[in-house]
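Please report on the charged side chains, the strands and the backbone details of the protein shown here. Keep it brief and in plain terms.

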Amino acid sequence: SKLKEGLSKTTQNLTGKLDDLFKGHITIDEELYEEIEEILITGDIGFETTMKIVDTLRTNVKKKSIKEIDGVREELKLIVEEILSSDDAKLKIEPSPAILVVVGVNGVGKTTSIGKIASRLNQEGKKVMLAAGDTFRAAAADQLEIWAQRAGVDIVKHGEGADPSAVIFDSIHSAKSKNIDVLICDTAGRLHNKKNLMQELSKIFRIIEREYPEATREVLLVIDATTGQNAMNQVKIFKEAAPLDGIILTKLDGTAKGGVVLAIKSELKIPIKLIGVGEKIEDLQDFDAKSFSEALFA
Ligand code: GDP
């Protein structure tokens, strides 16, 4: 599958090393746990989450009287699956109308992800509209327009330097008059000025609350898996600036840092809803804990 393929470097980095370790070990001893710890930490899973995983593993192996090394591997897989699973991993766009606010730093794949979501929802028969709320970068609205055309959906955009809130305001009214099911709003992603970012986002949320209270609201943060632990820091910063409902994790294809998924789920308690596994319009998948841990422990 595309997921398995995309995760192959992460799998090599994590599972490959774990398998080598398990092959070389016959006894279940403290040294085994320490080496597992090291592999997980270097696999971008993060210190805190690694400790949690290994402690649970130690406890469960004892509790379940696991004597075989294969049993330890299986138990590790179960623990990972447990960490990854959550009830609210589905994109929430019902009841209609819905508004998705997409936030994230420039370059992470925000525009691409919006285009992919738009295309998918359009194919599912939903009426979709995009709002070009990143008015700061000259090319941002143009790029988004190209994706709107590809996806076959409408777009509301103003000129460069326009007030993002005005774009959101207009798009809401346009969405209402055209009976749009899902309005997807792009936003600017300049992190160098955190105060500006917060003010801009809170202004956008105020507009939405006032003009579109009936809409199902979903706020999604886009982060880039290839940046590993750095992506974790972005989540922490945006968590303060916006009421995040979920994460879109992009560029999982070809990165060895896919282990960061575990750190996000376990430490930040924000569900990963969608994953990007390529640059094309169809390269977007729902995050599924089971298939993810299966791809990881192939
Ligand atoms: P933005 O600045 O956040 O809007 O980022 P863009 O959507 O323009 O994407 C930046 C780059 O990342 C582009 O070259 C995209 O093709 C690429 N990209 C986005 N998502 C993915 C993904 O899931 N996989 C890969 N391999 N590339 C991606």
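Buried means under 20% relative accessible area, exposed means over 50%, and partly exposed lies in between (1.4 Å probe, protein chains only). The model is predicted, so local features need pLDDT of at least 70, side-chain atom pairs count only at pLDDT 80 or more, and totals for chains, interfaces and linings use all residues. Residues are numbered from 1 along each chain as its sequence is written, and side-chain values use heavy atoms, with hydrogens and water left out.

**Salt bridges**

A salt bridge here is a side-chain nitrogen of Lys or Arg within 4 Å of a carboxyl oxygen of Asp or Glu. By this rule the count comes to 19 salt bridges. One of them joins Lys110 and Asp186. Lys110 sits in helix 6 and Asp186 in strand 4, so this pair links distant parts of the chain, 76 residues apart. Helices (H or I, at least four residues) and strands (E, at least two) are DSSP runs, numbered from the N terminus. Both partners are buried: Lys110 has 4% relative accessibility, and Asp186 has a relative accessible area of 2%.

Lys157 lies in the loop between strand 3 (154-156) and helix 8, while Asp142 is in helix 7 (residues 138-151), so their pair ties together parts that are 15 residues apart in sequence. Glu145 is also in helix 7, and its pair with Lys157 ties together parts that are twelve residues apart. Lys157 is partly exposed, at 32% relative accessibility. Asp142 is partly exposed too, with a relative accessible area of 40%. Glu145 counts as partly exposed at 27%.

| Basic residue | Acidic residue | N to O distance |
| Lys110 | Asp186 | 3.4 Å |

**Charged patches**

Patches are made of residues with over 30% relative accessible area and no salt bridge; like charges are joined within 9 Å, and nonpolar side chains (Val, Leu, Ile, Met, Phe, Trp, Tyr) within 5 Å. Accessible areas come from the Shrake-Rupley method with a 1.4 Å probe, and for residues only the protein chains shown count as cover. Lys and Arg count as positive, Asp and Glu as negative; His and the chain ends are not counted. Each charge is placed at NZ of Lys, CZ of Arg, CG of Asp or CD of Glu.

Glu31, Glu34, Glu35 and Glu38 form a negative surface patch. Glu35 belongs to helix 3 (residues 30-42). Its relative accessible area is 31%, so Glu35 is partly exposed.

A patch of positive charge on the surface gathers Lys52, Lys236, Lys239 and Lys269. Lys52 is in helix 4 (residues 47-63) and is partly exposed, at 40%. Lys269 lies in the loop between helix 11 (260-268) and strand 7. With a relative accessible area of 63%, Lys269 is exposed.

**Backbone details**

At 60% relative accessibility, Asn179 counts as exposed.

The bond from Glu94 to Pro95 is cis, with omega near -5°. The bond from Ser96 to Pro97 is cis, with omega near 0°. Pro95 is in the loop between helix 5 (69-84) and strand 1 (98-103), and Pro97 is in the loop between helix 5 and strand 1.

**Strands 6 and 7**

Strand 6 (residues 246-250) and strand 7 pair in the parallel sense over three bridges. Two strands pair if DSSP finds at least two bridges between them. Ile248 stands opposite Leu274 in strand 7. Is strand 7 enclosed or open? Five of the five residues of strand 7 (residues 272-276) are buried, so the strand is largely enclosed by the rest of the structure.

**A buried lysine**

Lys116 is in helix 6 (residues 110-123) and is buried, with a relative accessible area of 4%. Lys116 and Thr135 are 19 residues apart in sequence and 21 Å apart in space, C-alpha to C-alpha.
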